[in-house]
Amino acid sequence: MSQTASAAGGASYASAGVDIEAGDRAVELMKEWVKKTQRPEVLGGLGGFAGLFDASALKRYERPLLASATDGVGTKVDIARQMGVYDTIGHDLVAMVMDDIVVCGAEPLFMTDYICVGKVHPERVAAIVKGIAEGCVLAGCALVGGETAEHPGLLGPDDFDVAGAGTGVVEHDRLLGADRIRTGDAVIAMASSGLHSNGYSLVRHVVFDRAGMSLDQRVDELGRTLGEELLEPTRIYSLDCLALTRTTEVHAFSHITGGGLAANLARVIPDGLHATVDRSTWTPGAIFDLVGTAGRVERLELEKTLNMGVGMMAVVPAESVDAALTTLADRGLDAWVAGEITERGDKDSGAELVGDYAK
């Protein structure tokens with residue numbers, strides 16, 4: 001029956017726009033990169049229906065808590081598409097997921113990805129997975145599987161999107177968060193690598209629609225082309241944060257993503273306390289000034305959209321500051337004391353930025 005229908009020009013999956021053979025080739029191309037992320041707890045290989053992780057490895061914990069997160073990289077994927085550069089966007093994906101997980105003090109364990117494309121280009125999909133795998137190595141986690149979905153008719157042949165989910169583990173009595181924060185704690189800022197993966201809808205509107213700039217345009221203030229700046233990978237802080245928890249006392253972390261610095265820091269501040277961050281302790285990178293100037297974007301609007309040069313914050317006791325800064329410096333990460341925790345008259349918690357940025 002099917003042979004007759006096919007011979008007569010009947011419908012098929014391929015005629016609907018889905019190329020199974022291209023998908024199989026993409027899986028073969030990505031296997032070598034996934035293999036580089038493997039941890040001893042991972043069982044099996046790529047191509048199964050589910051990724052397997054040996055949970056007996058958690059027996060060393062007294063009371064293990066599993067931490068999970070999921071995220072994407074937003075409209076930054078459109079910059080990658082326009083530039084034809086696909087191996088950095090996966091790095092961004094790992095950062096967005098695993099840096100959320102480490103905030104509670106959890107060690108990243110494993111990750112899965114979801115890549116949705118209008119048409120499977122095997123080398124392109126493999127490049128995306130290469131970036132995810134490299135990011136997993138930097139985060140210390142395994143890439144145990146994922147899914148590549150072809151959606152012809154919904155997405156154009158060159159369109160794609162990525163998402164991922166991750167899992168980590170933390171000992172119950174080492175869980176970090178608001179309940180550990182005390183008056184007098186210091187707020188340490190860790191430098192971002194640039195815009196990271198938030199606020200690109202605003203950035204794209206400003207640089208393309210308002211300023212009429214192009215991705216291949218060299219910008220002297222940036223020292224490179226606009227496209228190169230916009231595709232700068234998101235910094236992965238997971239192992240840096242875990243190193244801090246091993247070398248000194250840490251009360252909380254805050255991953256600075258959508259919503260900006262003050263809003264994300266406020267998420268870990270307990271009732272009755274307040275975080276004050278002094279803008280004069282750092283100078284945001286040139287890309288933030290470019291977006292603000294080109295789009296005539298007010299400072300408060302920028303600050304609630306972009307990270308302004310800070311990608312992660314740590315709240316530590318005052319006596320832990322020197323050890324924390326030394327640890328981060330030894331790891332090659334620019335960090336500084338940016339603020340402090342004080343009492344607040346009412347029960348509402350919060351965080352605010354004060355002063356002006358250093359020139």
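The axes of helices α6 (200-210) and α10 (residues 286-294) come within 9 Å and cross at roughly 60°. This is a predicted model, in which local features need pLDDT of at least 70, side-chain atom pairs count only at pLDDT 80 or more, and totals for chains, interfaces and linings use all residues. Residues are numbered from 1 along each chain as its sequence is written, and side-chain values use heavy atoms, with hydrogens and water left out. Helices (H or I, at least four residues) and strands (E, at least two) are DSSP runs, numbered from the N terminus.

**Helices α6 and α10**

- Axes are lines fitted to C-alpha atoms, for helices over the stretch in contact, and angles run from 0 to 180 degrees between N-to-C directions.
- α6 and α10 are therefore oblique to each other; angles under 35 degrees count as roughly parallel, over 145 as roughly antiparallel, 65 to 115 as roughly perpendicular and the rest as oblique.
- The crossing of α6 and α10 is left-handed, a term used if the near helix is turned anticlockwise from the far one by less than a right angle, with right-handed used if clockwise.
- From α6, V203, V206, V207 and R210 meet L290, V291 and A294 of α10, where contact means heavy atoms within 4.5 Å.
- The residues of this contact divide into 6 nonpolar, no polar and 1 charged.
- In these classes, Ala, Val, Leu, Ile, Met, Phe, Trp, Tyr, Cys and Pro count as nonpolar, Asp, Glu, Lys and Arg as charged, and the others, Gly among them, as polar.

**Surroundings of α10**

- I287, F288, L290, V291 and G292 are the buried residues of α10; buried means under 20% relative accessible area, exposed over 50% and partly exposed in between (1.4 Å probe, protein chains only).
- These buried residues pack against α6, β8 (218-219), α7 (226-230) and α11 (299-303).

**Helices α4 and α5**

- Helix α4 (residues 89-101) packs on helix α5 (residues 122-139) at an angle of about 40°, and their axes are 6 Å apart.
- That angle makes α4 oblique to α5.
- The crossing of α4 and α5 is right-handed.
- On the α4 side the contact involves I89, G90, H91, L93, V94 and M98, which meet I128, G131, I132, G135, C136, L138 and A139 in α5.
- By class, the contact of α4 with α5 has 9 nonpolar, 4 polar and no charged residues.
- C136, in helix α5, is buried, with a relative accessible area of 0%.
- The C-alpha atoms of C136 and M98 are separated by 8.6 Å, although the two residues lie 38 residues apart along the chain.

**The open sheet**

- An open sheet of 4 strands has the order β3-β6-β4-β5 and mixed pairing; two strands pair if DSSP finds at least two bridges between them.
- β3 (64-72) and β5 (142-150) stand at the edges with a single partner strand each, so one side of each has no neighbour in the sheet.
- From one strand to the next the twist averages 15°.
- β3 pairs with strand β6 (residues 160-171) in the antiparallel sense over 9 bridges.
- A69 has G166 in β6 as its bridge partner.

**Pairings of β13**

- Strand β7 (residues 186-191) and strand β13 (residues 335-343) run antiparallel and are joined by 5 bridges.
- In β13, W336 stands opposite A189.
- Strand β11 (residues 273-278) also runs antiparallel to β13, with 5 bridges joining them.
- Opposite T276 stands E340 in β13.
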